[in-house]
Amino acid sequence: TLDTLIEYNESTEAVNTIIESKFSAEIPKLLSEGTQIQKKNTIKFILNCIGKLKKVSFQTAVEPLIELSLHSNNDLGLLAIESLGRMMQDIRVLASILNFLTSHPPYQPILVEAMQLYFKDAPPNRLITVQNVIVEKLKPFLSGDNATIRKSVIQIFASFKEKIPKEFSKLMKNEFTPSQKRLIDITAQKSVVK
């Protein structure tokens with residue numbers, strides 16, 4: 001059961017390595033080759049584990065979840081995107097997603113959507129630590145052709161502006177054009193009003 005795993009997870013590094021290697025062997029396979037029900041239950045399992053198994057990474061599930069969200073019906077696809085967003089609290093998952101963002105263009109809309117979900121709820125201290133790399137990776141999308149991605153990227157930067165205004169101000173000043181700054185400001189103000 002999950003309670004037993006949580007108990008083990010809080011014990012030794014060796015136990016965490018065993019749990020993670022077992023997950024790495026089984027979860028991607030279930031997400032790729034399982035029945036619809038198995039895929040859905042696997043995603044729900046991941047969602048239940050996130051935050052509870054703090055020392056276990058689900059990085060090996062990233063690509064199968066992206067593929068699922070690209071090729072699935074609405075419910076399963078949305079669940080996969082939610083899972084990707086929630087998994088980003090693990091720095092290895094976030095690094096993997098940033099890597100896919102630049103190396104796999106077909107994945108970009110899904111990854112940016114998942115990042116938008118993550119940064120909307122992420123704590124300010126997390127945003128402070130990743131702000132430079134996120135701006136570096138996402139800024140090129142502001143001049144891209146895909147309007148949906150552009151809008152999501154603006155939303156992500158607005159989350160930074162809203163949650164860490166003092167820390168993000170230097171990047172705002174140095175990295176964005178006046179019109180981009182205006183869009184970020186307007187979007188951040190709208191989300192405060194909501």
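**Notebook: helix packing in a predicted model**

I began with Ser-159 and found it in helix H9, which covers residues 147-163; helices here are DSSP runs of H or I with at least four residues, numbered from the N terminus. Before going further I noted that this is a predicted model, in which local features need pLDDT of at least 70, side-chain atom pairs count only at pLDDT 80 or more, and totals for chains, interfaces and linings use all residues. I also noted that residues are numbered from 1 along each chain as its sequence is written, and that side-chain values use heavy atoms, with hydrogens and water left out.

**Confidence**

I looked up pLDDT, the predictor's confidence in each residue on a scale from 0 to 100, and found a chain mean of 89, with 92% of the residues at 70 or more. Confidence is lowest in helix H1 (residues 2-9), where the mean is 55, and highest in H9, where the mean is 96.

Is Ser-159 buried or exposed? I recorded Ser-159 as buried because its relative accessibility is 9%; buried means under 20% relative accessible area, exposed over 50%, and partly exposed in between, with a 1.4 Å probe and protein chains only. Beyond its neighbours within four places in sequence, Ser-159 is in contact with Phe-119, Lys-120 and Leu-127, where contact means heavy atoms within 4.5 Å.

I then turned to Gln-116, which lies in helix H7 (residues 108-121) and is partly exposed, at a relative accessible area of 23%. When residues up to four places away in sequence are set aside, Gln-116 touches Ser-152, Gln-155 and Ile-156. For one of these, Gln-155, I looked up the C-alpha separation from Gln-116, and it is 6.7 Å although the two are 39 residues apart along the chain.

Two packed helices are described by the angle between their axes and the distance between the axes. For H7 and H9 I found an angle of about 20° and axes 9 Å apart; axes are lines fitted to C-alpha atoms, for helices over the stretch in contact, and angles run from 0 to 180 degrees between N-to-C directions. That makes H7 roughly parallel to H9, since angles under 35 degrees count as roughly parallel, over 145 as roughly antiparallel, 65 to 115 as roughly perpendicular and the rest as oblique. The crossing of H7 and H9 is left-handed, a word used if the near helix is turned anticlockwise from the far one by less than a right angle, with right-handed for clockwise.

On the H7 side, the residues making this contact include Val-112, Met-115, Gln-116 and Phe-119, and on the H9 side they include Ser-152, Gln-155, Ile-156 and Ser-159. By class, the contact of H7 with H9 has 8 nonpolar, 5 polar and 3 charged residues; Ala, Val, Leu, Ile, Met, Phe, Trp, Tyr, Cys and Pro count as nonpolar, Asp, Glu, Lys and Arg as charged, and the others, Gly among them, as polar.

**Helix H4 and Ser-69**

Which residues of helix H4 (residues 62-71) are buried? I listed Val-62, Pro-64, Leu-65, Ile-66, Leu-68 and Ser-69, and I found that the buried residues of H4 pack against H2, H3, H5, helix H6 (91-103) and H7.

Setting aside residues up to four places away in sequence, Ser-69 touches Gly-77, Ala-80, Ile-81 and Ile-110. I also looked up Leu-111, which is 42 residues from Ser-69 in sequence and 9.9 Å away in space, C-alpha to C-alpha.

Lys-29 belongs to helix H2 (residues 13-33) and counts as partly exposed, at 40% relative accessibility.

**Two further helix pairs**

The axes of helix H3 (residues 36-49) and helix H5 (residues 74-87) come within 10 Å and cross at roughly 25°, which makes H3 roughly parallel to H5. I noted a left-handed crossing for H3 and H5, and a contact of 7 nonpolar, 2 polar and 5 charged residues.

Helix H8 (residues 124-138) and helix H10 (residues 165-175) pack at an angle of about 15°, with axes 10 Å apart, and are therefore roughly parallel to each other. Their crossing is right-handed. Ile-128, Gln-131, Asn-132 and Val-135 of H8 meet Glu-167, Phe-168, Leu-171 and Glu-175 of H10, and these residues divide into 4 nonpolar, 2 polar and 2 charged.

Note on methods:
Helices (H or I, at least four residues) and strands (E, at least two) are DSSP runs, numbered from the N terminus.
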